[in-house]
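Work through the following exercises with the sequence and the model open beside you. Each task is followed by a solution that goes step by step.

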Amino acid sequence: MLKNKTIGSMLIVAGTTIGAGMLALPIASAGLGFTTALSLILLTWVLMTYTALLMLELHQYADRDATLNTLAKSWLGKRGQWVANFSVMFLFYALCAAYIAGGGAQLQEKLNNGLSLSLAPQVGSVILAVVIGTVVTLGTSKVDKLNRVLFTIKVCVLASLFYMLTPYVHGQHLLEMPIEQGLILSAIPVVFTSFGFHGSIPSIVKYVGLDIKTLRKVMVAGAALPLVIYIFWQLLSQGMMSQSDLLQSQGLPGFVSSVASIAHSPHVATAVNIFADLALATSFLGVSLGLFDFFADAFKKGNGSKDRIKTALITFIPPLGFALFYPQGFIMALGYAAIALVILAVFLPVAMVYKQRSTKPDAGYQVKGGNIGLALAALFGVLIISAQGLQMAGLIPAIG
């Protein structure tokens with residue numbers, strides 16, 4: 001049973017990570033060259049896996065159902081708790097609203113085309129929110145089962161894409177160097193947010209139990225699977241097209257149409273669209289599960305049916321409302337996603353572990369690296385926020 005949960009939890013980590021943002025990676029890294037893009041992806045993976053393990057170091061001293069709300073209060077006091085709560089709610093509500101609006105529009109289009117209906121886009125958003133909300137309310141085991149099915153299909157679609165596109169990869173494209181150094185800074189926030197899964201860690205701890213050895217496997221393997229897929233995706237995208245062609249792609253639709261024309265196959269565009277739909281669904285499941293358990297902890301809700309329904313309403317009604325009535329709000333909020341994720345996935349774990357180690361210096365499991373590791377993680381976090389700030393100020397291009 002534990003082995004079954006371990007595999008399922010790895011796939012929840014991977015499914016939450018490999019969202020539709022993966023499709024932005026080739027565009028974000030278009031001017032970097034394959035070697036530079038690969039180095040940035042590897043560095044980001046190391047950072048995010050390291051801070052995920054820091055979260056496990058914190059969880060070993062907490063209750064099984066503790067979330068960032070409880071952990072921050074324990075180690076950073078009321079102010080830390082407020083920062084943690086605001087970061088989680090801001091980021092996750094914005095993401096959920098984006099998933100509901102984007103996924104709802106795609107669902108509405110498919111229902112209209114497939115069943116010859118004329119539904120409004122809002123209907124698709126409501127249906128998607130109700131379906132995902134119901135699965136999450138039923139519990140992590142149901143999320144695990146649905147995620148396994150969706151993730152398996154997603155991997156099959158990706159495998160078919162790799163099969164179709166690999167013959168068109170040219171080695172000389174992979175040897176190109178960065179066009180200009182500033183593009184590296186522009187790519188950092190996009191690459192960083194492509195490895196965001198930390199909000200689902202408390203849900204996985206609650207599901208698997210406080211078995212640190214097993215949880216370490218879940219975090220490392222769960223984060224390694226997206227890393228491998230991202231590397232192959234970069235090999236294909238940057239190997240098929242020169243930097244100048246990639247830079248001239250008009251966003252994601254332009255990139256997809258360029259790849260489809262190179263491969264002389266309309267099936268490529270279909271496969272990419274199916275992957276995008278599945279990526280949105282698995283990422284939405286992971287994010288909303290993390291938000292659900294966060295609210296259950298924050299409002300001290302139990303596991304009874306009435307309590308879970310109340311928690312579900314708090315989790316899904318606000319982002320659904322934003323997606324339906326104020327779409328500009330969450331689009332604006334997503335511009336700050338990298339900053340909120342840095343606070344959630346880097347600064348808070350580093351600060352809490354530093355405080356915990358000074359209180360309990362020789363107790364239990366500790367991630368290697370000591371204070372130097374904590375300082376390097378914090379410095380990388382500052383770099384990400386600086387890059388995001390420079391983009392907002394218009395000093396470097398915003399891409400991805």
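A residue is called buried when its relative accessible area is under 20%, exposed when that area is over 50%, and partly exposed in between, with a 1.4 Å probe and with protein chains only as cover. The model is predicted, so that local features need a pLDDT of at least 70 and side-chain atom pairs count only at pLDDT 80 or more, while totals for chains, interfaces and linings use all residues. Residues are numbered from 1 along each chain as its sequence is written, and side-chain values use heavy atoms, with hydrogens and water left out.

**Exercise 1. Salt bridges**

Task: find how many salt bridges there are, and describe the pairs formed by Asp 297, Asp 293 and Arg 148.

Solution. Step 1: the criterion is a side-chain nitrogen of Lys or Arg within 4 Å of a carboxyl oxygen of Asp or Glu, and by this rule the count comes to five salt bridges.

Step 1: Asp 297 is bridged to Lys 300, with 3.8 Å between the closest N and O atoms. Asp 297 is buried because its relative accessibility is 10%, whereas Lys 300, at 64%, counts as exposed.

Step 2: Asp 293 pairs with Lys 206, and here the closest N and O atoms are 3.8 Å apart. This pair links distant parts of the chain, since Asp 293 belongs to helix H13 and Lys 206 to helix H9 (residues 201–208), 87 residues apart; helices here are DSSP runs (H or I, at least four residues), numbered from the N terminus. Asp 293 is buried with a relative accessible area of 5%, and Lys 206 is partly exposed at 24%.

Step 3: the side chains of Arg 148 and Asp 144 meet at 2.7 Å, N to O. Both residues lie in helix H6, four residues apart, which is about one turn of the helix. Asp 144 has a relative accessibility of 3% and therefore counts as buried.

**Exercise 2. Enclosed space**

Task: state how many cavities of 30 Å³ or more the structure holds, and characterise the lining of the largest cavity and of the second largest cavity.

Solution. Step 1: on a 1 Å grid over the protein atoms alone, a cavity is a set of points where a 1.4 Å probe fits but cannot get out, and lining residues have an atom within 4 Å of a point. Grid points are joined across faces, edges and corners, and a volume is the space filled by probe spheres set on the points. The structure holds two cavities of 30 Å³ or more.

Step 1: the largest cavity contains about 100 Å³ of space, and its lining includes Met 55, Phe 92, His 198, Pro 202 and Phe 294. H4 and H13 each supply at least two of the lining residues, and the largest share, three residues, comes from H4. By class, the lining of the largest cavity has seven nonpolar, four polar and no charged residues, where Ala, Val, Leu, Ile, Met, Phe, Trp, Tyr, Cys and Pro count as nonpolar, Asp, Glu, Lys and Arg as charged, and the others, Gly among them, as polar.

Step 2: the second largest cavity has a volume of about 30 Å³, and among the residues that line it are Leu 161, Trp 233, Phe 255 and Val 272. H6, helix H12 (251–263) and H13 each give two or more residues to this lining, with H12 giving the most, three residues. The lining of the second largest cavity divides into eight nonpolar, no polar and no charged residues.

Key
On a 1 Å grid over the protein atoms alone, a cavity is a set of points where a 1.4 Å probe fits but cannot get out, and a pocket is an open set with protein on both sides within 12 Å along at least five of seven lines; lining residues have an atom within 4 Å of a point.
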